[in-house]
Amino acid sequence: MRSVDWHRVGGHARYHATLMIASKLRIETVWLLLPLVLVFATTAASPLKGDAWWTITTGRLIAATHTLPTSYPFTFPPQSTPFVDAQWLAQLVYVAPYPLLGLEGIVVLDAMLVTATFALLLALAFRRSRSARAAALCTALGGVVAGTNLQPRAQTLGYLCFAATLWLLGPPALGGRTDAPHDRWRIGALFAIEALWANLHGSFFLGLALTALFFLGHVGEQWRSQKLQAVLSQSRTRFLLFAGLAQALATLITPFSLGLYAYVLQLSGNATIRTEITEWLPPRLDTSTGVVFFVSLGLVVACLAGSRLRWRLTDVLLLTAFGVLGLQAIRNVAWWGLILGPVLAPYAAQVRLPLRSGDTPSKPIRVLPNAILIGALGLIALSALPWVKDANPLLPDERRGVITTDAPRDAARFLATRTDCGRVFSPQTWSGYLEWSFWPRCLTMVDEGPIEVYSQQVWDDYWTMHTGDQAAVEILDKYGVDLLVLSEEQQARLIEQVRASPRWRQIYGDEQAGVFERTE
């Protein structure tokens with residue numbers, strides 16, 4: 001029997017292990033990690049605010065009662081329409097980490113969900129472009145565009161369903177076949193994702209819209225190639241038709257069935273939402289979201305104009321549809337950001353500028369510099385975690401802590417010493433935080449939750465009080481308000497009125513907020 005030279009075997013093993021490690025430490029790996037670290041660090045370092053509070057408060061209520069509320073339970077004005085909690089599953093998902101990990105766990109869960117979304121988009125962008133740099137840059141652009149809409153809210157879970165649907169529908173690689181066969185498992189997966197999406201957020205109809213856009217693009221491409229007569233016999237056509245049918249059926253698997261569509265139509269046509277709620281207004285250049293949206297539009301036009309590739313009709317339809325959607329409302333800009341990576345990357349990879357110089361495989365692999373870069377990206381991601389981010393000297397004050405500095409935290413500590421606070425009037429942007437902190441001991445007037453359940457009269461009364469108009473004190477009496485938690489910055493006129501009124505006395509004050517109670 002021949003003896004084995006284990007020293008030589010070990011040397012070969014170490015050699016192959018070194019090659020494997022080196023192959024993973026290519027500069028392309030650094031490029032592909034860059035957008036994922038960007039979105040993770042940005043999201044993980046963001047404190048809770050806005051919709052996050054009513055989302056997790058409702059999730060806590062559903063988890064405790066095991067039932068869906070039929071009226072919104074956290075506010076005191078009369079409600080003119082039934083409360084349809086179309087995002088009940090998202091609320092349960094987001095509140096799930098709280099018992100073990102607290103609010104920090106909710107923030108990290110959100111960052112992981114957002115990163116998973118952009119990982120799918122990045123993989124799709126790379127699959128279509130075969131360029132790590134182009135895929136990374138276009139996905140990073142999408143992350144910046146969507147960055148102001150990535151907080152823990154039901155719509156964020158909709159992003160993950162959107163990305164998964166986009167992946168399964170599979171924009172074909174440019175220059176590849178458009179009639180390649182698709183396995184049945186993709187239709188089953190689209191059915192499952194759409195059923196999940198319909199219970200997570202009202203944006204579920206975008207799954208159907210994606211399939212319709214892919215179908216129209218496919219048919220248009222066949223017409224342009226003079227193959228329209230054979231389009232029905234193609235497997236791609238049958239796949240998209242069956243996928244759309246499966247998705248439509250999946251939307252009925254909710255506690256509301258067809259009533260979910262009525263809810264979406266009612267919400268989209270609500271005049272109050274369209275005129276008075278900031279995130280439902282069209283993006284403008286005096287907002288950060290508006291600036292990045294319009295800049296990204298210009299970059300897309302420049303990229304398409306400078307690319308050597310012929311525009312694919314499906315890509316044009318996607319960019320047009322979601323560009324128009326973004327023009328409708330600030331909250332819709334995120335959907336535009338989500339499609340930028342997968343749609344734009346193949347064109348960016350073929351722009352006449354030398355974008356692909358770093359992708360040349362003949363260049364030597366510099367293991368140590370790449371390892372240092374990857375390690376630096378890992379440290380950036382770790383430094384954004386809510387348990388350690390306050391030690392980061394580069395982090396701005398508004399990102400420190402797990403609760404936004406805009407929330408009345410000191411006033412809330414004072415209210416925690418009271419046994420009851422009854423009906424509370426506060427700025428709409430503060431109400432969700434107060435509900436999370438004190439419900440059911442306190443009820444607010446309106447929050448950033450289901451805006452559609454209130455009549456126009458309730459909103460008129462809220463704005464009268466909020467702005468401190470002449471009838472503000474009388475309207476407070478009309479609603480039987482017991483306590484005022486008022487913003488020194490937003491509600492200076494109202495504070496002036498209640499200080500002058502014998503019906504109210506101030507029991508707490510700081511630079512941010514004043515708390516008043518009835519004297520009666």
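At 33% relative accessibility, S257 counts as partly exposed, a class that lies between buried, under 20% relative accessible area, and exposed, over 50% (1.4 Å probe, protein chains only). The residue sits in the loop between helix 10 (235-250) and helix 11 (259-268); helices here are DSSP runs of H or I with at least four residues, strands are runs of E with at least two, and both are numbered from the N terminus. S257 is not a glycine, yet its phi is positive, at about 50°.

Before we go further, a word on the model. It is a predicted one, in which local features need pLDDT of at least 70 and side-chain atom pairs count only at pLDDT 80 or more, while totals for chains, interfaces and linings use all residues. Residues are numbered from 1 along each chain as its sequence is written, and side-chain values use heavy atoms, with hydrogens and water left out.

You will find H66 in the loop between helix 3 and helix 4 (88-95). With a relative accessibility of 68%, H66 counts as exposed. Another backbone feature to look for is the cis peptide bond that joins W439 and P440, where omega is about 10°. P440 belongs to the loop between helix 18 (428-438) and strand 2 (442-444).

Let us turn to the charged side chains. How many salt bridges does the model hold? The count comes to 15, where a salt bridge is a side-chain nitrogen of Lys or Arg within 4 Å of a carboxyl oxygen of Asp or Glu. One of them brings together the side chains of R153 and D51, at 2.9 Å from N to O. R153 lies in the loop between helix 6 (132-146) and helix 7 (154-169) and D51 in helix 3 (residues 51-65), so this pair ties together parts that are 102 residues apart in sequence. Both partners are hidden from solvent by the cut-off used here: R153 is buried, with a relative accessible area of 2%, and D51 is buried at 12%.

A further salt bridge links the side chains of E279 and R331, with an N to O distance of 2.6 Å. Here E279 comes from the loop between helix 12 (271-276) and helix 13 (288-306), and R331 from the loop between helix 14 (313-328) and helix 15 (333-348), so the pair connects parts that are 52 residues apart in sequence. R331 counts as buried, at 9% relative accessibility. These four residues belong together, too: D51, R153, E279 and R331 are linked in a network of salt bridges.

For a salt bridge in another setting, look at R284 and D286, whose side chains meet at 3.1 Å, N to O. R284 is partly exposed at 41% relative accessibility, and D286 is exposed at 59%.

Next come the helices. Two packed helices are described by the angle between their axes and the distance between the axes. Helix 4 and helix 7 pack at an angle of about 100°, with their axes 9 Å apart; axes are lines fitted to C-alpha atoms, for helices over the stretch in contact, and angles run from 0 to 180 degrees between N-to-C directions. The two helices are therefore roughly perpendicular to each other, the term for angles of 65 to 115 degrees, whereas under 35 counts as roughly parallel, over 145 as roughly antiparallel and the rest as oblique. Which residues meet? A90, V93 and Y94 in helix 4 meet A154, T156 and L157 in helix 7, with contact taken as heavy atoms within 4.5 Å. These residues divide into 5 nonpolar, 1 polar and no charged; Ala, Val, Leu, Ile, Met, Phe, Trp, Tyr, Cys and Pro count as nonpolar, Asp, Glu, Lys and Arg as charged, and the others, Gly among them, as polar.

An open sheet of 5 strands runs in the order 2-1-3-5-4, with mixed pairing; two strands pair if DSSP finds at least two bridges between them. Strand 2 and strand 4 (504-509) are the edge strands, each pairing on one side only. Neighbouring strands of this sheet are turned by 30° against each other on average, direction ignored. Within the sheet, strand 1 (residues 422-425) and strand 3 (residues 483-487) pair in the parallel sense over 2 bridges. F425 stands opposite L484 in strand 3.
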